[in-house]
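Okay, hi everyone, thanks for having me. I'd like to walk you through one protein model today, so let's get it up on the screen.

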Amino acid sequence: MWNKVVSAFIGIFLTATILPVAALAGGSWISGLEIYPNTFNPSNGEKMAINFDMFDGAYVYAYATSRGDGVIYKITDGYEWFNEGVVDIKWDGGYKYYGYAVPSNDYAIEVYVQSQGSVVDNDSGKVTVTGKSGRGSDRNTAPVVSGLSAKPKSIDSENNEATKLSFTVAGDAYIDAYIVDSYSNNVRNFSAYDYTWYDDTTYGNSGTAHSVYWYGGDDNGYPVNDGTYYFYVKATNNYSTDIEWITVTVDNDSTVTPQIKNLNVSPATFDPEDGENTTISFDTNVSAYLQVYIKKNNNVIRSFPDYDYDWKNKGTQYVYWNGRNNSGNIVDDGTYQVVVYAQDGGNKTDSESINVKVLTDNNDCYNKYGDYICGNNDVPTIYDLSVYPKTFDPTDNEKAKFTFKVKENAYLTAYIKQGSNKVITFDNYDSDYYNGSKSSRSISWNGRDDYGDIVDDGKYTFYLYSYMNGESDTETVTVTVDTDNDPNYPYGSAKIKNFKLSPSSKWNPENEDLDIDFELKKSVDDLEITASKSGEKSVKILDDPYSSYSKGNYSYEWDGKDKYNDYVDAGIWKITVKADGDSVSKNITIKYSGSGGGKSIDADIEAYTTKKEFDPDYDEKVSLLFKVDKSEEVDVDLYNGSSFEKSLSKNVDVAANKWYSATWDGTESDGDEADYDDNWRFKITAGNDVKYVNIGVKRDKSSNKAANITRDYTEPVIYDDNKEYLMEISFCLDASADVDLEIYKGVASTGQKVTTILNEESYKSGCHTVKWYVEDDVYYTLSDGPYNYRLTSETTYNNKDTEVGTFVVGNLGGKVKKSAPKKKYDSDACGGYYDLGSLDEDSELCKAIQWAKDQGIFAGYNDGSFKRHDTINRAEVLKVVLEAYDVALISGGGSSMGFKDVNPNAWYMTYVKTAKEYGMLDGYAKGNKAGMSDDINRAEILKFVLEAAEEFGGYDFDDDYNSYVYADVKVSKWYYQYAMGAYKYSLFDTYWINGKQYLKPSQLVERGEVALLLYRMDKAGLL
């Protein structure tokens, strides 16, 4: 074995890397070469150092040659860049190509320097390696394979059954684990045991335990035929080899025939010229080869590559058709046939078909059933109601999007029910009036109820009700909440069912224990129950991998305490039950009464970095992305290990649940570039809460074979679809290459793939930018949360380089920068509010808040804060506006004023009465709701203030506005004249996207914006 390794290593590195001394060119780049100690023992953890001076930066290659047999051992991974000055290279005596220590021997140490593509200098020395050779203390002991087992010994792969293959190995060894058929053909290799070295730390007892799971598939994922198979385990070290095997049987149920059920298309009529798609969905009862075609007069118009006789697991399947043929052209209007085929690999097949209509002319006059509905001008008909996705997991921040159209003007109500129980009514669709439009409307649901808690797993029904002039219509569509997100085992898993928590939604551990109940469908070897919360360490409720658990019902209790016997923090915790690698989860909200229980934390922090590692030498930068769940003052500092380096921002007030960024260019406090490989990390302080996020400063090693990717980043790093239209992804290449660009959910590219932006696109060397509309494969804007991009370059010789970065989709707070020290409570600037210390005293917002306080219009909170980022409700705005105009108030008199949602004796009724008398408040939802507790948006507050200006300040509404001032304000909108007033007097800061100006009328207004709006009205003479 040793000779085989040596010869392979020589073949790879001796001929490809080492140059003869005669080829050297250039001057003396190396001086003062020292090698110390001259003798060292790697098995005792000792290292050798190579130290020398270099007068300029260059690539350095160091290796050791054994004097006995001439074998070459790399000390550096080929040529590595070092700056001018002292070069210090450490060697642990490791055989880098295979990872274990070199044999005891005398070695020549060779050092080569390369500059501008050629070797310019070299030097050498010698060292003696002592101690045992090989890796680990047992390399001269024969490995022993034992304890092979298969549980169960027979599996039905069509039902996704798996066998757990277990074994132990005594002694350090390379381990191979693989499966062959009865003809000795290799069927399945296990990547974790593909000639992989393992140290046996328990040798002398029973050996190290290993296990793998096999689902009856080959290396390509296709199911194998029924029969007997052999699981082999081979352990090899320099001393000996041991091989053991065990049989396992694949016995699929030959009576199961593939069946296609619930074939559906939604919508059944669509217009591809308007960019519409139809979703083809169906269920399969077993895993099978599937084909999906679009046909016309029995001719195939479109075949789908992912479903062209491809093997798919059983469960729900989705195919999306954009109305184009195989050539990419939009098909003609007409009815087409969707045909689905399923085959089990033998002779058992099934096929189903359904019609879909393509209509590019007057398509909006057809409902989802293909019925013409434009003839009746009185009925507010609902049509093309659909939901995507049909199954979603709210614990992963997924949302369901309901899309629909309504033919006439109507009052719309939308709500979710489970059975007869109403779960949530959507605020903007609670008897709210909408103009009839042929454009689609949509409502997103985050899987939470009216109380903000995530609902239980199950099927839910979305109801949409329209009403106008005595005519009404109702449509429904179902959606599934599945926090396990396993299409093959909805509401559970292959091994676990009837998973319940009691209490089921909210729980106070101080009052009672949490009951965790579930049923095992089959016997399992490993069972684990954990509780986890974002940003916190998981709590193990049950962890017993050495016991077997039989099929049946189980019940456990958790007292809400961690391993230190302290109550865990309040918040949303995920309870997870795992059985032999299979798992189910449910959320529970922990709330404590008063101040007791839990740990005292003011704000929870969620944070990521745009890159896990970056190289300042390439002018790369890294951004820290974070948000807190409460409005707080935040510090962002840079640390090297436990040592403070410098501050990136200080005393910056941030709004709750908005994303902020802080950028580091890789320089230290003295302006020098940060040292590579040091322990760099960001520290975020929000109130009493602290979070650390590590960041690596690493050299980006280039290769003369691969096209190195550098300076990759997104702009923006925080995408807010209320403020941005698209995202730019930039990168640089040092050579021409084919580039792939993929987007994944989460912060790791092992997560769910969202879309592919570039697929083997050719790019030349240099820097490039790709524009992307932040949409998935079916053109939906990405839901809130972190995502990552994966850039891969591939050259002609299949050499690849990959870079991964992170960005966030959500509400943008902005960039945090260094700010002035926190102002004292008694400061006169900005109203003297302590949480406005980061504001520039000369800024318009600071002056507006000071003015509002001086006029008695606005008051802060008892703690001395203003909370400029907090939203403001309709009642508070009425009070502020009426007091700004010093209006004589009319007593409410204990009357509800015809509004169903007010308390006649509430403090705000005086303002409600006054506003209604002056025509400022009409109510909504047929005029019977005042919505005093609802947060107010830009359009609504403009109505309040400008009608007050007309009544009390002499303001006149003009009729000669340019209807194209704001790209998102149409003449037909009820708030059009108020929006034009805002434009005339610059009452709101607006947004510019791709050269167009946007008002964002539905955007909620913050307290600081209200003060600024009234201040600008005063300056314009409207107050």
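Let me start with how the chain folds back on itself. Of the contacts in the protein between residues at least 6 apart in sequence, 63% join residues at least 24 apart, and contact here means heavy atoms within 4.5 Å.

Quick housekeeping. What you see is a predicted model, where local features need pLDDT of at least 70 and side-chain atom pairs count only at pLDDT 80 or more, while totals for chains, interfaces and linings use all residues. Residues are numbered from 1 along each chain as its sequence is written, and side-chain values use heavy atoms, with hydrogens and water left out.

Now the overview. There are seven helices and 61 strands in the protein; these are DSSP runs numbered from the N terminus, H or I of at least four residues for helices and E of at least two for strands. Of the 1023 residues, 50% are buried. Buried means under 20% relative accessible area, exposed means over 50%, and partly exposed is in between, using a 1.4 Å probe and protein chains only.

Let's zoom in on a sheet.

Next, disulfides. A disulfide is a covalent bond between the sulfur atoms of two cysteines. Here we call it one when a pair of cysteine sulfur atoms lies within 2.5 Å, and that rule gives two disulfides.

One is Cys732 with Cys767, sulfur atoms 2.0 Å apart. This pair links distant parts of the chain, 35 residues apart, with Cys732 in strand β53 (residues 727-733) and Cys767 in strand β56 (residues 766-772). The torsion about its S-S bond is about 100 degrees, so this disulfide is right-handed. Cys732 counts as buried because its relative accessibility is 6%.

Then there's Cys830 with Cys846, sulfur atoms 1.9 Å apart. Cys830 sits in the loop between β59 (812-815) and α2 (844-854), and Cys846 is in helix α2, 16 residues apart. Both of these cysteines are buried. And the handedness? The torsion is about -110 degrees, so the Cys830 and Cys846 disulfide is left-handed.

On to helix α5 (residues 938-952). Twelve of its 15 residues are buried, so α5 is largely enclosed by the rest of the structure; among them are Ile941, Leu942 and Phe944. Just after α5, Gly954 takes a positive phi of about 80 degrees.

Last stop: Gln997, in strand β61 (residues 996-998). Is Gln997 buried or exposed? Buried, because its relative accessibility is 13%. Beyond its neighbours within four places in sequence, Gln997 is in contact with residues including Val965, Tyr983 and Trp992.

That's my tour, thanks!
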